[in-house]
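Subject: Structure for your review

Dear colleague,

Please find below the structure that I am handing over to you, followed by an account of what was found in it.

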Amino acid sequence: MTEGEKTHSYKKETAKPRVVIVGGGFGGLCAARGLAGAPVSVTLIDKRNYHLFRPMLYQVATGLLSADQISGALRSILSRQVNVEVLMDEVSGVDTDKRLVRLKQHSISYDYLVLATGIRYNYFGHDEWRHVAPGLESLDDADLIRGKILLAFERAEEMAALDHADTEAIRQLLTFVLVGAGTVGVEMASTLAEMSRMALAHDFRHIDARDAQILLYEAAPRVLPTFPEDLSAKAQRHLESLGVKIYTNTRVTSVDADGVVADGQRVRSSTVLWGAGVLASPAGHWLGAAMDKSGKIIVGSDLSVPGHPEIFAIGDTAYVVAPSRNLLGIKAKEPMVMPGVAQPAIQGGRYVAALIRRRVAGQRPPAPFWYWDKGDLAIAGRRYALADLRMLRFTGFPAWIVWAVVHIYFLIGFANRLFVMLQWFLAFLTKRRQVRVFPGQERAAEAK
Ligand SMILES: Cc1cc2nc3c(=O)[nH]c(=O)nc-3n(C[C@H](O)[C@H](O)[C@H](O)COP(=O)(O)OP(=O)(O)OC[C@H]3O[C@@H](n4cnc5c(N)ncnc54)[C@H](O)[C@@H]3O)c2cc1C
C-alpha cells in the first residue's frame, strides 16, 4: 500500500464485521438487501450512483421510456436499511492479504467481500471500435445510442431537402447495422424496425423513415443462439416480417465511421451498434483468481473464490456451475453453467447474504448454491416475445404478456411500475415514442 492510501483509508467506525459489496446491479443490490437487519456493517460501492434495470435499457435507447423510469439512485433505494452505506467510487484492485479494496483515492477494509461487477462488451481486441459502435450497457450508452439514431434521421432529412441530394449518403444515414443477434441485438433490431415504420413514419417531409434498413449480423448460424432452435427460427421469421435483414454465419471483421466490413463486403452505415460478445469485469485480475476464457471468476459451490472463503463472486462476473431446478422445482439431471442473465445474479446475491448471516452468527454453512431456473424470455417488438420456460415454449402476444408482467414485477419502485405501464399502454395505442429529444447531440455527433 502506498503512503497516500494509508492516510486516506476509509474509516471503520464499527466493531461489526464489514461486508464490502462491489457493484450495485442485480447481484450486489440483492446481496445488500439480503443483509438487512444482520449484525454487519455493509458498504456498497458502485462507480455509478444508480441501479439500472438493464432488461429495459433498449426502451430508453429507442425512446419509449426515459432513463429515470428504469433506474433509481442506490442511496435512495437503500435509504431505509440502516446497516448499509453507499459509496460512489470505482474499485481498481483488491489486496487480499491486507483485506483491502482499492478505490480511486483511498482504500477500504473488509471482513467479507462480494464482487458483483458485471460485464462489458467484447470488441475482440478492437477497442477502437467502441467509439463508432457503442454497446448498450449504461444510461449514458442509451442516451448516446438514441441520439445517434435520431441524428441519423435528422441528417438524412436535411440532406434530402437539398438540390441534387446525394442519395448514397442518405442511404448510408438510413442504414442501421447491429452486430450480434443475442437478446439485445434482437430487441434493438425489432424496435428500430418498428420505430422507423410506425413512430417516425409521418414526421419527415423529404425522406420516408420507412426506407430505413435494419441489418442484423450474427457470426453464429442463428439468431438468439442461446435459445432452442425452434424459437430462434420463429424469432428470425418475425424479425424478417418487420423488415429486418438478417445475416447469420456472417462475421463483422472491421468497423469504422463509414460502416462495417462483413464477410469481406463493405456495408455503408452511419449507425453501427454493438452487442456481439461480453467480457467479465476485471475483478478476476484484482484477485489473481482462476478465470474462464471470458474472464469470469471460477467460484466454488458456495460462490466463494477458491482459497478465499471470505470473498465471493456473483452474477455476470462469476463462472458458476450449479445444480438447478425448473419452475416446478424438479431437479435437472446435470448441473448447469449459470447464464449471463439477471436471475443467477439475484439468486447468487441472496445466497451469499444468507451465507454471511450464518457465518457471522456462528451457524453451520448453508447447502451449496443451486439455481432455480425459471427459463428465458426475449422480446422482439411491441407485441411479440419468445418464452422458453423449459417444459413449455411459446411465442407471440402471450409471451409478450409474460415478458411484460415479469419485467414490471422486477422493476424497482411503485411509481416506476405505474408510469412504465402507462407509457407502454400509450405507445401500444398510438404507436408513438415519447422520448424524442436527445440531449448530448454534440457527443453523438462526435461519436460518428
Ligand atoms: C442491454 C441489456 C439487456 C439485457 N436484458 C436482459 C433481460 O431481458 N433479461 C435478463 O435476465 N437479463 C438481461 N440482461 C443481462 C442482465 O442485465 C445481467 O445478467 C445482470 O445485470 C447481471 O447482474 P450483475 O449484478 O452481475 O451485474 P450488473 O447488473 O451489470 O451490475 C454491475 C454493477 O457493477 C458496477 N461496477 C462495475 N465495475 C465496477 C468497479 N470497478 N467499481 C465499482 N463499481 C463497478 C456497475 O456500475 C454496475 O452497477 C441484459 C443486459 C444488457 C446489457
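Which residues does lysine 47 touch, not counting residues up to four places away in sequence? They are Met88, Asp89 and Glu90. Please bear in mind throughout that this is a predicted model. Lysine 47 is located in the loop between strand S2 (41–46) and S3. With a relative accessible area of 45%, lysine 47 is partly exposed. Its C-alpha atom and that of isoleucine 21, 26 residues apart along the chain, are separated by 12 Å.

Aromatic pairs

A pair of aromatic rings is described by the distance of the centres and the angle of the planes. The structure holds 9 aromatic pairs. One of them joins phenylalanine 26 and phenylalanine 53: the ring centres are 5.7 Å apart and the planes stand at 75°, so the pair is edge-to-face. Phenylalanine 26 belongs to helix H2 (residues 26–34), whereas phenylalanine 53 is in the loop between strand S3 (50–52) and helix H3 (57–61); the pair therefore ties together parts that are 27 residues apart in sequence. Both phenylalanine 26 and phenylalanine 53 are buried.

Of the 9 residues of H2, 7 are buried, so the helix is largely enclosed by the rest of the structure. The buried residues of H2 are Phe26, Gly27, Gly28, Leu29, Cys30, Ala31 and Ala32.

Phenylalanine 397 and tryptophan 400 also form an aromatic pair, and this one is stacked, with 5.8 Å from centre to centre and 5° between the planes. Both residues lie in helix H12 (residues 397–410), 3 residues apart, which is about one turn of the helix. An α-helix has 3.6 residues a turn, so residues three or four places apart point the same way. The two partners may be set side by side for accessibility: phenylalanine 397 is partly exposed, with a relative accessible area of 39%, while tryptophan 400 counts as buried at 13%.

Elsewhere, ring pairs link Tyr123, Trp129 and Trp274 into a cluster. A ring also takes part in a contact with a charge: the charged end of arginine 325 sits over the ring of tryptophan 370, 5.2 Å from the ring centre.

Helix packing

Two packed helices are described by the angle between their axes and the distance between the axes. Helix H6 (residues 139–160) packs with helix H8 (residues 183–199) at an angle of about 35°, and their axes are 13 Å apart. The crossing of H6 and H8 is right-handed. On the H6 side, Ile145, Ile149, Leu150 and Phe153 meet Met188, Leu192, Met195 and Ser196 of H8. The residues of this contact comprise 7 nonpolar, 1 polar and no charged.

Backbone

Most residues other than glycine have a negative phi. Leucine 224, which is not a glycine, has a positive phi of about 45°. Leucine 224 is found in the loop between strand S12 (213–217) and helix H9 (229–241), and at a relative accessible area of 1% leucine 224 is buried. Asparagine 249 likewise is not a glycine and has a positive phi, of about 50°. Asparagine 249 has its place in the loop between strand S13 (244–247) and strand S14 (252–256).

Yours sincerely

Definitions and conventions: Residues are numbered from 1 along each chain as its sequence is written. This is a predicted model: local features need pLDDT of at least 70, side-chain atom pairs count only at pLDDT 80 or more; totals for chains, interfaces and linings use all residues. Side-chain values use heavy atoms; hydrogens and water are left out. Rings of Phe, Tyr and Trp (its six-membered ring) pair if their centres lie within 6.5 Å; planes under 30 degrees apart count as stacked, over 60 as edge-to-face and the rest as tilted. Helices (H or I, at least four residues) and strands (E, at least two) are DSSP runs, numbered from the N terminus. Buried means under 20% relative accessible area, exposed over 50%, partly exposed in between (1.4 Å probe, protein chains only). A charge sits over a ring if NZ of Lys or CZ of Arg is within 6 Å of the ring centre and within 35 degrees of the ring normal. Axes are lines fitted to C-alpha atoms, for helices over the stretch in contact, and angles run from 0 to 180 degrees between N-to-C directions. A crossing is left-handed if the near helix is turned anticlockwise from the far one by less than a right angle, and right-handed if clockwise. Contact means heavy atoms within 4.5 Å. Ala, Val, Leu, Ile, Met, Phe, Trp, Tyr, Cys and Pro count as nonpolar, Asp, Glu, Lys and Arg as charged, and the others, Gly among them, as polar.
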